[in-house]
Every structure is written in structure tokens, then in C-alpha cells.
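Could you walk me through this structure? I am new to it and would like a guided tour, one region after another.

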Amino acid sequence: MNKPARGSLLGIEHLDAKEILGLLKLARRMNPLKARPLLRGKRIALLFYEASTRTRSSFEFAAKSLGAMTTLVQSSGSSIEKGESLLDTGYTLRAVGADAIVIRHPSAGAPHLMAQHLDIPIINAGDGMHEHPSQALLDAFTILKHKKSLKGLQATIIGDILHSRVARSACHLLTKLGVKITLCGPPEFVPEVAATLAPGLRITRQIEEGLRGTDVVMLLRVQKERLAGQKIRVQDYIARYQMTAARLKLAKRDAIVMHPGPIIRGLELTAEIADGPQSVIVEEVHNGVPTRMAILARALGKAK
Amino acid sequence: MTAKSQRETSASLLIKGGQLIDPAAKINAPMDVLLRDGRVAEVALPNKVRGSADEKFDARGLIVAPGFIDLHVHLREPGQSYKETIASGTAAAAAGGFTSVCTMPNTAPVVDTAEWVTWLRSPERGAVVNVFPIGAATRGSRGQTLSDFAALQRAGAIAVTDDGKPILDDDIMRMALRLGAELNFPVVQHAEDTRLTENCSMHEGATSFRLGLRAMPGAAEAGIVDRDVTLAQQIRESRLHVAHLSTSNALKSVRRGKRAKARVTCEVTPHHFTLLDENVGEYDTNFKMNPPLRSAGDREAILVALADGTVDAIATDHAPHALHEKQVEFERAAFGITGLETALALAITKLHREHKIPLTRIVELFTAGPARVFDLRGRGSLARGNFADVTIFDPRKRWTFEAAKSLSLSRNTPFDGWQFTGKVVATIVGGKIVHRTD
């Protein structure tokens with residue numbers, strides 16, 4: 001087993017604040033509309049073992065905006081279907097000339113396995129319930145478009161934290177940059193152990209309490225199939241935790257509402273909230289491209 | 001048989017100058033031991049052995065102990081010889097000081113008939129230490145119909161289990177314990193409520209939350225142990241052995257059963273008294289096993305129970321796997337680690353030196369304790385007339401374990417490169433030296 005290649009991005013947990021701020025600064029200098037051929041001649045493999053719309057397309061646009069070539073490999077229609085292992089798939093992509101691999105995988109730790117055995121940068125585009133570092137970075141990028149600084153802000157993350165890689169990466173990143181975080185949801189989604197993830201995390205079961213005076217409201221998708229296995233019913237969840245206009249009034253007047261998508265209108269939020277003036281949900285998707293340009297530029301040593 | 005091995009098996013061997021620790025005989029003193037014709041011929045004060053010996057073993061500065069017994073190993077035959085064979089697994093056992101190993105039946109096919117028990121015990125398997133097969137408790141270990149305990153026992157099986165899986169159904173477990181009681185046959189339980197552990201790959205706690213891994217609550221073990229102990233208390237003369245116990249709550253149930261004089265025993269693995277769930281680090285599959293590494297509180301409770309006598313035996317749960325079964329995503333990786341060659345070193349380094357458990361107790365956990373659990377007559381003590389199975393070790397020797405030099409066919413150990421104190425010097429089975437290090 002080896003250390004991950006320089007430029008790999010496996011998660012936010014092991015980055016320090018300086019590295020995170022460096023990436024955010026770089027992202028601000030990236031403009032998808034003005035092509036900069038920083039990565040001309042580079043080959044980036046997009047290895048997706050799971051469905052994805054925004055992450056996949058924005059990594060692809062990001063790579064191409066920097067002049068790199070991309071190839072998409074998905075579990076169906078590739079040798080993965082024939083039983084090729086994850087590592088062998090990685091070796092194959094390396095052998096055809098990939099300079100970096102962006103991987104989305106349903107199993108936590110899959111990018112780490114790749115990084116331990118391959119000498120090219122591995123970028124985690126979401127691994128199971130573990131981390132989704134590019135999402136956390138684009139969220140921080142988005143917050144900074146609306147707030148002067150992250151330090152001293154209050155954020156409330158509402159929903160299924162237990163199963164959410166977005167929540168884990170967000171908790172690490174925002175905590176490192178001085179944001180105070182409250183996790184909100186029923187015990188099935190926000191177990192007590194969630195507070196151990198990062199220093200200073202607070203848990204509340206009352207959405208009203210969680211929202212009071214907050215600067216950033218981050219909603220998570222609630223998967224109906226997950227509720228099915230739990231004691232909590234969909235109607236109860238909506239009654240207790242749905243983001244509504246009335247509830248949002250408890251937050252600061254200039255609070256922003258975020259959601260990594262895909263959103264389910266009528267479940268974790270109302271349509272008014274999704275389309276309302278405080279919503280930055282579409283903007284988040286938009287910011288995914290410059291953020292991922294920064295991640296790829298850093299990965300291939302062209303961060304200057 | 002070659003002339004050489006003929007001579008070796010009939011030879012007599014005098015072990016001179018060592019410190020004998022034989023907990024069953026309450027001996028911890030300098031003693032010489034004479035072995036002859038596969039049996040213990042004499043145990044006497046230094047230089048007081050009367051019989052003559054063809055060969056002498058200089059044990060000065062070393063501990064001489066009854067041969068170690070491992071109640072829980074997976075030697076993977078029949079059917080999975082790419083992971084381990086009886087020959088390679090028993091060679092690793094000998095290197096680790098074990099003179100007897102009890103093999104688990106979750107092979108391919110499952111050892112659920114007398115024929116397979118006989119097959120396992122046959123000389124063609126090439127075992128270098130004693131092999132005591134454990135038969136499957138239910139046919140195919142499917143948990144539905146009891147196997148033929150009496151036939152398994154007659155063929156030489158020493159217990160039954162569905163290890164790897166639990167016997168979940170209350171009625172089946174009750175019937176197994178009842179039949180076991182009639183035959184004086186222990187039922188070994190892998191205690192895991194699989195209804196709570198589906199798709200789980202480690203212990204539930206802060207580490208599993210951090211890593212985003214579906215996780216097994218400690219209650220999945222404790223619940224089954226609690227039920228089993230209750231059944232063992234209800235069914236007269238039944239014998240329950242709890243395999244690889246790993247949680248503090250399961251220990252409470254075992255204590256309850258023992259206090260009530262039920263015939264309840266348990267074993268603990270070296271990795272559970274050494275490591276914690278947090279040692280999984282960044283998805284290291286050599287730290288993935290079932291039961292999983294637990295919390296600090298669980299480990300603390302296990303250390304107390306090892307010291308106070310609640311635990312009957314240290315067992316390795318030696319579970320070899322090929323590289324391709326471990327070099328995969330954590331959730332897809334096989335459960336289990338090898339353990340035969342590191343057990344004594346971990347016991348001395350961790351239990352004795354770090355936690356101050358006396359060597360006599362550690363030797364008991366490897367000898368008299370396990371011999372009692374499965375009634376291995378003539379083993380676990382060096383009383384005159386017993387089998388000439390002896391383990392000789394140096395409790396002060398410092399060494400580094402290298403997985404690459406393991407005698408097992410597999411390399412799936414979390415202890416590669418670990419520095420230990422305490423090393424096996426010689427392993428003697430039936431009077432014959434089967435392993436020796438210089």
C-alpha cells in the first residue's frame with residue numbers, strides 16, 4: 001500500500017484549512033466560459049459506478065474547459081459487468097493513458113483503495129455514505145458568493161445525515177473554516193454519534209430550534225425507500241422537518257437555502273422554498289464547474 | 001515410514017533446565033520433563049529425572065508449558081485450499097506454539113457428516129499438529145435441521161457449530177443444546193443476530209460513522225448470547241461455548257450463566273484484546289473481521305474478564321483469505337484475519353507486559369482452559385501419562401513479525417511489522433519436535 005499520489009482528493013477530513021482555502025481561491029479564478037488550456041493533452045477518466053447527473057457532467061465540462069480529454073466509464077457497458085475488479089479497472093485506465101481518475105462509487109473507501117495502488121491522482125466524486133468532497137467545496141464556494149467569510153457563520157444541516165456523504169464532507173469543511181454547525185433530524189437520521197464527526201457539532205431534534213438565527217440552511221434529500229425501513233413515517237417527517245416559508249422566517253433574514261440535489265419537492269422542502277429568493281440550489285450546480293476545474297488543475301499540478 | 005521418522009517417534013526426549021508452568025497441576029517451578037513413546041514419562045525437580053533419554057532439549061531461560069490448544073481455526077479444507085490447507089495451517093499452528101487445533105466446519109462443502117470428519121482426521125491431510133474437527137450443528141449450516149450429532153461425535157468431532165453463521169432460530173438452538181446435553185457434546189455459537197447486521201462491515205460507533213460504513217451494533221452479539229445462556233440455564237447438562245466473544249454485554253450474560261452453574265464457556269481472540277474499531281483507519285481490510293473490532297469499553301471489559309477467570313480460553317479465529325479477497329472495497333472484502341503465529345506474542349506483549357496478567361494465567365488460557373472447554377482428555381496438562389504435547393517459549397525474546405515469512409498460505413494479518421516480546425522456541429507434538437526456532 002502506498003500514499004495517495006499528489007493532487008488526489010479523497011475527502012475533506014484530512015485536508016487542512018489552508019488547503020481548502022487554496023482550492024476555493026483557485027476556483028474563483030476559474031471561468032468555464034473562458035477556456036484556459038491548462039490541462040491540454042491530459043487525459044481524465046470519469047469512472048462512475050453510480051448514477052449521477054450534476055457531478056458527472058460538471059466534472060466533464062470542467063475537464064474540457066481546461067483543455068483535457070475525458071473518457072466516461074460506467075459499470076454497465078464496460079468490463080465491470082464482466083466481473084473486473086475495481087483495482088483491475090484502475091490499472092486498465094492507467095494503462096490506456098489516464099493522467100487522473102475521477103471516481104464515483106457506492107462503496108465507502110473505494111477511492112482510497114484506488115489511491116493506495118495507483119500512482120496517478122484519484123479524485124473522489126462520492127463514495128458510498130462516506131464523503132463527497134467536491135460538493136462540500138462548491139457549497140463553500142457558493143456560501144462565499146453570499147457571505148464575506150465563513151468564519152463565525154452558523155449553518156444548519158437538516159435531514160438524513162447518517163446516509164449522507166454530502167453531510168459528512170460539509171461538516172468537515174465548514175468546521176475547519178470556523179462555521180458553527182447544528183445537525184437536525186430524527187434519531188434514525190441523526191444518531192447521537194454524529195456529533196463525534198467534527199469538533200463542536202450540535203444536534204437538535206427540533207427544526208425550529210435548529211433554524212433560529214442561522215445563516216445557512218442545508219437540506220438533504222430524504223429517500224423514501226430509507227424511510228420505509230425506519231420507524232418514522234413520511235408524513236411525520238414532513239410535519240416535523242420539511243422546510244417551509246414559515247419555518248425559514250426563524251433563520252436570519254439573509255439566510256441562504258442550499259440542497260445538493262436532486263430535490264424532492266413536497267418532501268424535504270416546499271416548491272416555494274426551492275424556487276424562493278433565498279434558495280441558491282441552482283447556483284450550487286452552476287458553481288460545480290469552476291470548483292471542479294480547480295480540483296482538476298490542482299490534481300494535475302497546474303494550480304498556478 | 002522412513003528410518004529417521006521411526007527413530008523420532010519412538011525416541012525419548014528430556015526437556016532440561018526450564019521453568020515449567022502447568023496451571024492444571026498448579027506447578028510454576030523449575031522442573032525437568034521426560035517424554036517417552038508419545039507420553040509424559042516423568043516430571044521431576046531439576047536433575048532428578050530417573051529415566052534415560054535419547055535426546056535432550058536445553059530449556060534454560062525458557063518456559064516449558066503443556067501444548068497450546070486453539071479452539072477456533074479455519075483451515076479451509078475441504079474445498080478452499082487456495083486460502084489454506086490442513087498441512088499449511090497446522091505448520092503455522094506449530095510455529096505459533098499450538099499442538100492442537102479445533103477446525104471450523106464452514107468449508108466447501110460444510111463438514112456436516114461423519115465421513116468429512118474422518119476425512120479431516122486422515123493422515124493424508126499432512127497435519128503436523130493434532131486436528132480436532134468441529135462438526136456443523138445443522139445440515140449445511142443452514143440453521144434448519146440438526147445434523148447427526150452422535151455420528152459426528154463417533155467419528156471424532158469434539159463439538160458442533162454453524163460458525164460463520166449463528167443458530168438464530170430459538171427452537172433449533174434449544175434442540176441443539178438438548179441433543180448436546182444427551183451426548184455431553186458442546187454447542188459452539190457464533191453469536192450474531194444477523195437481522196441487525198445485514199450488509200454491515202464493522203462495529204457501530206464513531207469510526208463507522210466517520211467512514212460511512214454500515215455497522216453492527218454490539219447488541220447483535222449480546223442479544224444472542226443472552227438468549228443462549230438463558231437456554232443453557234434451562235436445559236440440564238447442556239454445554240454452550242460462546243465463540244470469539246467481543247462485547248461487554250455478552251460477558252455479563254456469560255457471568256450470569258457461570259454464577260448459576262450452567263455449563264457455559266467462552267473464548268476471546270488476540271485481536272479483540274489488542275485492537276479497537278478505530279484501528280480500521282482508512283478502510284484497511286486486514287482489520288475487517290467478524291465479530292468486528294469493538295469499542296474501548298468492550299476491550300476493557302474483555303481484559304478484566306481475561307484476568308478474573310471469566311474467559312476460558314484464548315482462541316485465534318485464524319481465518320486465512322487470498323489477496324484478491326482482501327484487496328477490494330472494504331464492504332466487499334472477506335471477513336477474517338490469520339492469527340496462529342501471533343497469538344502468544346500478543347498475549348505476552350499485551351496481556352502480560354502491558355496489563356500485568358501473570359504468565360501462569362496466560363498459559364492457562366492456552367492450555368488447561370481450552371482443554372476443559374471441549375474435554376480434550378490427556379491434554380492441557382503435563383501430568384504423567386498425558387500426551388507428550390509441549391510448548392516451549394521465551395517470554396523475553398524481542399522479535400518482529402513479518403507476514404511475508406508466515407507459514408500460512410495467506411497474508412491477511414493486521415500485525416505485519418509489529419514488534420513483540422515473547423516467542424515460541426519449540427513445539428512438541430506426541431514427543432516429536434514439529435517446530436523449532438533458534
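In this predicted model, the centres of domain 1 and domain 2 of chain B, taken over C-alpha atoms, are separated by 26 Å. The domain assignment places residues 3–64 and 387–436 of chain B in domain 1, while domain 2 of chain B covers 67–373. Where the two touch, 31 residues come from domain 1 of chain B and 43 residues from domain 2 of chain B. On the domain 1 side of that contact, strand 19 (390–400), strand 20 (419–429) and strand 21 (432–436) of chain B each supply at least two residues. Strand 20 of chain B gives the most to this side, with eight residues. Sorted by class, the domain 1 side has 17 nonpolar, eleven polar and three charged residues.

Let us look at the nonpolar cores next. The largest nonpolar core has 121 residues, and those with the most contacts inside it are Val33(B), Val64(B), Val160(B), Leu306(B) and Ile392(B). Helix 12 (residues 343–354) of chain B gives the most to this core, with seven residues. Both domain 1 and domain 2 of chain B give residues to this core, so it lies between them. You can pick out Ile392(B) and follow its surroundings: leaving aside neighbours within four places in sequence, Ile392(B) is in contact with Ile15(B), Gly18(B), Ala59(B), Leu62(B), Ile63(B), Val64(B), Val425(B) and Ala426(B). A second, separate core has 109 residues, including Ile158(A), Leu174(A), Leu300(A) and Leu213(B). As background, nonpolar side chains in soluble globular proteins tend to be buried together.

Now for the place where the two chains meet. The contact takes 18 residues from chain A and 15 residues from chain B. On the chain A side, the elements that give two or more residues are helix 3 (86–95), helix 4 (110–117) and helix 6 (165–176) of chain A. Which of these gives the most to the side of chain A that touches chain B? Helix 4 of chain A does, with three residues. By class, this side of chain A has nine nonpolar, seven polar and two charged residues.

Staying with chain A, turn to its helix 12, residues 281–299. This helix of 19 residues reaches 27 Å from its first C-alpha to its last, close to the 27 Å expected at 1.5 Å a residue. Along the way, helix 12 of chain A bends by about 30° at Gly288(A), and a proline, Pro290(A), follows within four residues. Is this helix largely enclosed or largely open? In helix 12 of chain A, 15 of the 19 residues are buried, so the helix is largely enclosed by the rest of the structure. Just after helix 12 of chain A, Gly301(A) takes a positive phi of about 70°.

Ser279(A) is buried, because 22 other C-beta atoms lie within 10 Å and 20 or more are enough to count as buried. Apart from its neighbours within four places in sequence, Ser279(A) is in contact with Val257(A), Ile273(A) and Ala274(A). Ser279(A) and Arg298(A) are 19 residues apart in sequence, and 30 Å lie between their C-alpha atoms.

The tour ends with some backbone details. Most residues other than glycine have a negative phi, and most peptide bonds are trans. In chain A, a cis peptide bond joins Gly261(A) and Pro262(A), with omega about -5°; Pro262(A) is in the loop between strand 9 (256–258) and helix 11 of chain A. In chain B, another cis peptide bond joins Asn290(B) and Pro291(B), with omega about 5°, and Pro291(B) lies in the loop between helix 9 (270–274) and helix 10 (296–308) of chain B.

Two aspartates of chain B have a positive phi: near 55° for Asp317(B) and about 50° for Asp375(B). Asp317(B) is found in the loop between strand 18 (313–314) and helix 11 (323–326) of chain B, whereas Asp375(B) is in the loop between helix 14 (368–373) and strand 19 of chain B. With 29 C-beta neighbours inside 10 Å, Asp317(B) counts as buried, while Asp375(B), with 14, counts as partly exposed.

Terms used
Residues numbered from 1 in each chain as written. Chains lettered and ligands numbered in written order. Predicted model: local features only at pLDDT ≥ 70, side-chain atom pairs only at ≥ 80, totals over all residues. Expected span 1.5 Å × (residues − 1). Bend = angle between axes of the 7 residues up to and from the residue. Buried ≥ 20, exposed ≤ 12 C-beta atoms within 10 Å, placed from the backbone. Core = buried A, V, L, I, M, F, W, Y, C linked by C-beta atoms within 7 Å. Domains from an automatic or database assignment. Contact = placed C-beta atoms within 7 Å. Nonpolar A, V, L, I, M, F, W, Y, C, P; charged D, E, K, R; others polar.
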